[in-house]
Amino acid sequence: MNSKFFFWQSLKTRVTLFTLAIFVVSIWAVSLYTSRTMQDDMQRVLGEQQFATVSVVAADINAELGDHLQALERIAVDITPAIIGNPKALQALLVQRPVFQLLFNAGSYVTGLDGIVIAEFPASGKRISLNFLNDANSAYLVEALKGKSIVGAPFAGRVLKAPVVAMAAPIRDSQGQVIGALVGVINLGMPNFLERITQARYGRSGGYMLISPPKRLVVAATDRGRIMTELPATGVNPWLDRSMQGFEGFGRTVDSSGLEVLSSAKQIPAAGWLLVARLPAEEAFLPIYEMQQRMLQAAILLTLLAGGLTWWMLRRQLAPMLRTVKALASLAQSDQNPQPLAITRQDEIGDLIRGFNRLLETLAQRQETLKDSEERFRQLFDGASDGIMILSPGGQLLAVNEAFARMHGYTKEEMSSLNLKDLDTPETSRLTPGRIERILAGETTTFEVEHHHKDGYAFALEVSASLIVSGVEPVIQSFHRDITERKEKQAALRDHQERLSTIIETVGDPIFVKDNDHRIVLANQAFYDIFAQDESVVMGQTLAENVPPDERQHFLEIDRRVLDTGVPDVSEEALSVIGKATRTIVTRKSRFIESSGERFLVGSIHDITERKRAEDEIRTLNASLEQRVVQRTAELDATVRDLTTEIAKRSQVEQALRAANQELETFSYSISHDLRTPLRSISGFSSMLEADYAAHLDEDGKGKLRRLRQAAQRMGELIEDLLSLSRLTGRAMNAEIVDLSALARSVAEELKGADPGRSVTFEIAPKLEVRGDKRLLAAALENLLGNAWKFTGKHTSARIEFGATQKDGKPAYFVRDDGAGFNMAEAVNLFTPFHRMHSDNDFAGHGIGLATVQRIVQRHGGHIWADSAVEKGSTFYFTLSQ
Amino acid sequence: MYSAPILLVEDNPDDEMFALNAFKKNNVRNRVIVARDGQEAIDYLFDTGKELPPFILLDLKIPKISGLDLLKRIRAHERTKFVPVIILTSSMNDEDLQVSFGLGGNSYVVKSLDLERFTKDIGVLADYWLDVNILPSSFDV
């Protein structure tokens, strides 16, 4: 349960953290301030302490140096010019001063004004006769020879090969003139009075350093390694630089090795040196650092303690409030009436819960009131006869009432999952977004829509929609009324008017409606036309002014009578619209009374002017026509009678002809058949004679017998031809579509095949199709093409053509050759059976072919003719239908 | 080889002579029985005492019973239904010739004006029906 109160939002967390923050900041501020102040104080104290120490040591060293110089000066007084002149005495003088020798561990010596050593101690003889003025470090000697006692700068001794410091005092004569110098040398590498510096430490790791400023040389130092070393150049350590220039005091600085140190400096006037004490800050301020650490630990400890306590305290103090929050949360979730919350304490939280309880009480009362109100509204909502819908701006149906669901065929529950899109027809759906936008803009609109019923059909609704802004999201409330019936009535009315207007306009006759004051209230185009007026002019007018007074009087009288009595009237009358010819019209007028009680006159005009005129003309015409008809009829009767007689006659002749033809066919068949039998006997017996009795006959007899046989043979062929002719023409026709070109080609192939030696070109026009008997037409073409083939036989090459041309507007087919031809004058009996144009010797034949062709052509209702000249070839034409 | 007499049904004596002449010229040794009309032919064929001819040479234009009727009766009779019948016709275009094949005619010979041709045709058919076309042994019922 606590987990969520660890979050930032939790009051506990925030108070705890805030408290902690104040605490931590305070503690840390105090500790930081304290440590800082303490550090400053301590630095001052330590610095002052250090400076004091350094001052004491410096004073000590200064005094020592003064003692050394004093010692030199006292001995220099002892040295008289006489002694100087006597090196042995001088040497003895120096040796007799042992205390003096103790002061200068590197010995001492005397020079003359020329700088040459006269005497020395200890008497090693190494320095005697050396001129120290030639030495680079002889500044001290120069000063002494000028008459001044001096402590020289440290340098590397020429004789001792060790760092040394020389001190010198002038030797004067009785007049005070400088006659030489006494020099004492201290070997810094050997124990000397500066030992107290080199052996003393400052603190645990600090130390002293004696510096000779001119060359920045370290004369002596706790760190012996630094003796005779040169200090860092000017600018590296500002504090040191300041001290070199005469500053005395302490300061915190960083030395050349990067170590932070607390240093103090003090001048040593006797030698112009500087004494510096150094203590690393780390050591100097160690107590402070330790104290700071302890304070930090204490601060952390205190912080944790304060945080924990605050947390615990808050949790304890806020527990009742959290319980209340939980109770309220569960109350909000449940539907039960709010129960008063338990009050466990009398503090502010107790007051708060008491306040909640009062609020809950008020809330319960209001809820009750709201429920009543809602119930009333719900009844109103569901009881409404109009369909009500609450719609989200997105089109979702949030709530609908019973009427809305009913008119759409759904239950309310089903509708709750629908979107407006599910109800809108596509046409309506297209307009919906725009409407919703307007409503959302605050407009209250009324419009018509079409919705789909659950059963699938669409129906029209009148919608009044408005925006309701309450709660989180604005919603759209709309009222729906099913206006299908109204729409149907409107449509029916519109249709009715449309129909009426169409009827009125369609009827060619002028139609009009007048009110009780003869004013036109409705009319059609024909009516406007007859009065030569526009609709705008006619409406509301009586039009009585447009006709002459007598006609006007007549019209209005009839109008009045019909309007008053209700008895319809039909009158033929003249209409003389001013500016137009007088027309004869038939006007029908009747009355109708509207449901309002108003009376109207309906009239229709039928213009009979033309009819009248036509009737008159017809009457005149009829009179003369009748006369002519009688006359013509008589003539016709006579003609018809003549024709009938003629037709009867012809029919008789034709019948007789047909019978005769038939008889002739039968006769020719039987006669040819019967003729064959005796002929066979003649032929047969002559054959037998020839075969069996040849030995009894002489050549003449044999020849005659042969001719007998040939004659019989020929007669047989004639009979055979006759028979086939009658067979061809005697049998029934079988009409079909025949491709003459194909037939001609097949005949040509046959002819060429039978006599391949000949050179004949056939030219056959393609696709000549006719209706006829295929067998007969094939026979006709066989004969014609066969003839052409035969009569071109005497020519080396020939050309035979089959084609079509026109004869009297009908197709005529022809077979043309370039053969022997014939004399047209002799062609009278061309188509008579057995008539021949050529002798057998020239062209063999029976003279039956063309007769056959003619019979075939005639049977097809056509005729045949020829065109030819001797040696110019022949052309046979034929037609096939009437 | 059948030795039984051949039946010639022919009323014209000239044609009879040409037929006999043809048999002779082709060395057909069988006796030839000539029937002058249909009735004679039937009498001979249905007489069980007579041998069945190896073939019948039948002219269609004969008196009393027409050639076609005779053919019908030959084919209808149990005794004669397998006897070969050669039709004699004056023309190949004779419509009766076509009918005769429908009624069971086996071969035909045109009575040509050319006697040599006629003789040759008879010879070929006689050879066939006498020597080549041997009927089954159960034929003689």
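Reader: What is the mean pLDDT of chain B?

Author: pLDDT is the predictor's confidence in each residue, from 0 to 100. For chain B the mean is 85, and 91% of its residues reach 70 or more. Over residues 136-141 of chain B the pLDDT is below 50, and beyond near neighbours in sequence this stretch has one contact in the model (C-beta atoms, placed from the backbone, within 7 Å). Where pLDDT is low, the predicted coordinates should not be read in detail. The scores for the model are ipTM 0.78 and pTM 0.36.

Reader: Where does helix 9 of chain A have a kink?

Author: Helices (H or I, at least four residues) and strands (E, at least two) are DSSP runs, numbered from the N terminus. The bend at a residue is the angle between axes fitted to the seven residues ending there and the seven starting there. In helix 9 of chain A, a kink of about 50° lies at Leu318(A), shortly before the proline Pro320(A).

Reader: Which strands stand at the edges of the sheet in chain B, and why is one side of each without a neighbour?

Author: Two strands pair if DSSP finds at least two bridges between them. Chain B has an open sheet of five strands in the order 2-1-3-4-5, with parallel pairing. Strand 2 (32-35) and strand 5 (107-110) of chain B are at the edges; each has a single partner strand, so one side of each lacks a neighbour in the sheet. Within this sheet, strand 1 (residues 6-9) and strand 3 (residues 56-59) of chain B run parallel and are joined by three bridges, with Leu7(B) opposite Ile56(B).

Reader: How do strand 18 and strand 22 of chain A pair?

Author: Strand 18 (residues 511-515) and strand 22 (residues 599-607) of chain A pair in the antiparallel sense over five bridges; Ile511(A) has Ser604(A) as its bridge partner. Strand 18 of chain A is also joined to strand 19 (residues 520-523) of chain A, antiparallel, by three bridges.

Reader: How many residues of chain A are in contact with chain B?

Author: 13 residues of chain A are in contact with ten residues of chain B. Helix 19 of chain A gives the most to the side of chain A that touches chain B, with nine residues.

How values were computed: Residues are numbered from 1 along each chain as its sequence is written. Chains are lettered from A and ligands numbered from 1 in the order in which they are written. This is a predicted model: local features need pLDDT of at least 70, side-chain atom pairs count only at pLDDT 80 or more; totals for chains, interfaces and linings use all residues. Two residues are in contact if their C-beta atoms, placed from the backbone, lie within 7 Å.
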